[in-house]
Amino acid sequence: MSRATRENGIILVNHKVITHVNTFIAYDINHKFNFCKGEVKVFQTVKFYAFELACRLFLSLEEPNHIEKLASLFNIFLQGIIELPIECPGTRFYSAKRAAEAIITELMKIINTRRVELHEGKASSSQDLLSHLLTYSDETGMYLTEKEIANNILLLFAGHDTSTIPITLLIKSLGEHPDVYDKVLKEQLEISNAKGEGELLKWEDIQKMKYSWNVVSEVMRVNPPIIGAFREALVDIEYAGYTIPKGWKLYWSAISTHRDNANFEDVTQFDPSRFEGSGPTPYTFVPFGGGPRMCLGKEIARMEILAFLHNIVINFKWDLLIPDEKIKYDTTATPVEGLPIRLLPHDV
Ligand code: HEM
């Protein structure tokens with residue numbers, strides 16, 4: 001990953017973004033979810049919502065047909081990114097490569113149009129991530145090429161899709177634990193009651209959502225959205241009586257770390273209180289990875305998940321239509337039936 005993306009990922013989290021995220025979520029939850037006449041499959045709905053949000057944040061793209069076309073290409077791409085590299089028609093890997101090429105072609109068109117708009121003063125450099133990348137130059141005065149920009153945006157979209165999973169599993173967990181739902185609602189009402197009519201969430205409000213974030217953390221402990229990731233041994237490593245030779249590929253596993261009794265008591269128990277106080281020992285809770293390649297979207301994810309949670313709990317309670325729905329790991333954690341729920345609007 002280029003240095004530019006690491007920096008820009010961080011630049012994205014500012015007041016403008018939180019306002020944007022909150023407006024979008026507040027609007028969408030109230031209109032789209034009500035429009036669903038109370039019954040909704042959470043996974044698919046949230047997945048599309050997260051994609052739409054990324055289109056707005058990264059590219060200022062709002063045209064529904066364009067977003068839908070990109071979304072279907074991305075779904076094909078994401079299904080094939082952790083697959084055996086067998087490049088023949090019919091494999092997920094093959095389809096993912098073709099989809100990635102089609103996305104890059106689309107992104108190049110969007111990039112070219114924006115370059116012209118920036119040149120003509122019809123777009124500003126602070127408008128979104130795309131404008132920022134187009135006007136970014138490093139200390140030697142070098143700009144990113146269009147291909148580099150397209151690749152960076154593709155990677156950010158792929159990472160961004162992960163936020164769908166904790167939001168979906170959070171809705172599942174709150175449906176299963178009404179006592180936890182009540183405490184989350186209490187915290188969120190304290191925040192919304194302190195605000196004026198129509199006043200949106202601010203960055204400071206996100207910082208106040210401590211119990212809610214403990215709940216999200218516990219959701220990600222039990223079912224880490226990404227099971228783990230690959231590394232390469234740069235030197236010979238001695239571990240647990242084994243030698244891992246330099247150059248070997250390793251897989252670090254979030255799920256086995258989170259479910260190890262040596263790291264957490266009663267690992268199968270859903271208990272947000274384990275994140276109170278100083279919380280878990282460093283490197284025992286790793287949903288976002290750790291070290292220099294740690295997820296660069298962590299803060300965006302935290303903000304989006306908590307803004308979503310705020311808007312959904314103050315507007316709705318819900319029933320899970322399939323109690324104890326199983327979670328499958330098809331690259332990432334997903335409820336097998338997509339988590340159908342019945343939304344029950346409430347006035348609190
Ligand atoms: C709850 C949501 C998310 C989870 C659980 C998550 C998890 C992860 C994990 C486990 C990694 C691999 C870290 C490693 O190899 O050590 C990663 C990398 C990455 N994530 Fe996320 N992620 C989330 C949301 C996001 C979002 C919203 C974005 C973009 C806006 C994003 C962008 C990225 C990128 C670009 C990388 C690659 C970083 C690098 O290799 O330097 N992620 N993420």
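Leu339 sits in the loop between strand 8 (332–335) and strand 9 (340–345); helices (H or I, at least four residues) and strands (E, at least two) are DSSP runs, numbered from the N terminus. This is a predicted model, in which local features need pLDDT of at least 70 and side-chain atom pairs count only at pLDDT 80 or more, while totals for chains, interfaces and linings use all residues. Residues are numbered from 1 along each chain as its sequence is written.

Back to Leu339: its phi is near 55°, a positive value in a residue other than glycine. Leu339 is buried, because 25 other C-beta atoms lie within 10 Å. Here a residue is buried if 20 or more other C-beta atoms lie within 10 Å of its own, exposed if 12 or fewer, and partly exposed in between, with C-beta atoms placed from the backbone. Tyr283 also has a positive phi, of about 70°, although it is not a glycine. Tyr283 belongs to the loop between helix 12 and helix 13, and it counts as exposed, because it has 11 C-beta neighbours inside 10 Å.

As for the chain as a whole, its secondary structure comes to 13 helices and 9 strands. Of its 348 residues, 33% count as buried. Among contacts with a separation of 6 or more, 67% are accounted for by residues 24 or more positions apart; two residues are in contact if their C-beta atoms, placed from the backbone, lie within 7 Å.

Next come the helix pairs. Two packed helices are described by the angle between their axes and the distance between the axes. Helix 5 (residues 92–119) and helix 7 (residues 146–160) have axes that come within 9 Å and cross at roughly 120°. That angle makes helix 5 oblique to helix 7. Axes are lines fitted to C-alpha atoms, for helices over the stretch in contact, and angles run from 0 to 180 degrees between N-to-C directions. Angles under 35 degrees count as roughly parallel, over 145 as roughly antiparallel, 65 to 115 as roughly perpendicular and the rest as oblique. Helix 5 passes helix 7 in a right-handed crossing; a crossing is left-handed if the near helix is turned anticlockwise from the far one by less than a right angle, and right-handed if clockwise. On the helix 5 side, the contact is made by Ala100, Ile103, Ile104, Leu107, Met108 and Ile111, and on the helix 7 side by Glu146, Ile149, Ala150, Ile153 and Leu154. By class, this contact of helix 5 with helix 7 has 10 nonpolar, no polar and 1 charged residues. In that scheme Ala, Val, Leu, Ile, Met, Phe, Trp, Tyr, Cys and Pro count as nonpolar, Asp, Glu, Lys and Arg as charged, and the others, Gly among them, as polar.

Helix 8 takes part in two of the pairs described here. With helix 11 (residues 210–222), the axes come within 9 Å and cross at roughly 105°, which means that helix 8 is roughly perpendicular to helix 11. Pro166, Leu169, Leu170 and Ser173 of helix 8 make the contact with Val216, Val219 and Met220 of helix 11, and these residues divide into 6 nonpolar, 1 polar and no charged. With helix 13, the axes of helix 8 (residues 164–176) come within 10 Å and cross at roughly 35°, and the crossing is right-handed. Pro166, Ile167 and Leu170 in helix 8 meet Ile305, Phe308 and Leu309 in helix 13, a contact with 6 nonpolar, no polar and no charged residues.

Helix 13 also holds Ala301. Ala301 counts as buried because it has 23 C-beta neighbours inside 10 Å.

Another buried residue turns up in a loop: Gly80, between helix 4 (64–79) and helix 5, counts as buried because it has 20 C-beta neighbours inside 10 Å. Not counting residues up to four places away in sequence, Gly80 touches Arg92, Phe93, Ser95 and Ala96. For Gly80 and Ala96, 16 residues apart along the chain, the C-alpha separation is 4.9 Å.

Finally, UniProt lists Cys295 for "binding site" in an unreviewed entry; UniProt positions are given in the numbering used here, feature names are shortened, and annotations may be inferred rather than shown by experiment. Cys295 lies in the loop between helix 12 (254–258) and helix 13 (298–315). Cys295 counts as partly exposed, because it has 19 C-beta neighbours inside 10 Å. Leaving aside neighbours within four places in sequence, Cys295 is in contact with Gly159, Phe288 and Gly289.
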